[in-house]
Amino acid sequence: MYKVGGITEARMREYDEICLSSPKTKNKSSPVIKSELEQIPGIGKNMAQHLINAGYPTIASLKGQNPEEIYFKDCKIQNTQVDRCALYVYRLAVAYANGTITDPEKLKWWNWKD
């Protein structure tokens, strides 16, 4: 008989079966913490994480930054050519942080293309 930490191999297989067959449910009591970056139009959880990984964890940290440099940092961190749409989102994010957006159409990332 094989034991790990006092648990038999058969019991471990039972645990595996229970865990693998149980539906994954979210714990509704745990709060979802959003990044303040998600206040920026076009920035969701994924893009917020890209910005955080590149060294821009807050809206204030984006003020005065160069969106192209943010994009190149993102590419370097990911070790791949990131979709160019990310650059358009970074242009929007920096303009939003700088408070320079006056046209509501500029709150859409696709309006920041080359």
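First, a word on the model: it is predicted, so local features need pLDDT of at least 70 and side-chain atom pairs count only at pLDDT 80 or more, while totals for chains, interfaces and linings use all residues. Residues are numbered from 1 along each chain as its sequence is written, and side-chain values use heavy atoms, leaving out hydrogens and water.

Start with helix α2, which spans residues 45–53. Helices here are DSSP runs (H or I, at least four residues), numbered from the N terminus. The buried residues of α2 are M47, A48, H50 and L51, where buried means under 20% relative accessible area and exposed means over 50%, with partly exposed in between (1.4 Å probe, protein chains only). Looking down the axis of α2, you would find these buried residues within an arc of 155 degrees, so they line one face of the helix. That arc is taken from the directions that run from the helix axis to the C-beta atoms. On the face turned away from the buried side sit the exposed residues K45 and N46. After α2 comes G55, whose phi is positive, near 100 degrees.

What do the buried residues of α2 pack against? Their partners are α3 (67–78) and α4. Helix α4 covers residues 85–98, and it packs with α2 at an angle of about 80 degrees, the axes being 12 Å apart. This makes α2 roughly perpendicular to α4, a label for angles of 65 to 115 degrees. Axes are lines fitted to C-alpha atoms, for helices over the stretch in contact, and angles run from 0 to 180 degrees between N-to-C directions. M47, H50 and L51 of α2 meet A86, V89 and Y90 of α4, with contact meaning heavy atoms within 4.5 Å.

H50 is buried, with a relative accessible area of 14%. Beyond its neighbours within four places in sequence, H50 is in contact with D74, Q78 and Y90.

In soluble globular proteins, nonpolar side chains tend to be buried together.

Key. Helix = DSSP H or I, 4+ residues; strand = E, 2+ residues; numbered from the N terminus. Parallel < 35°, antiparallel > 145°, perpendicular 65-115°, else oblique.
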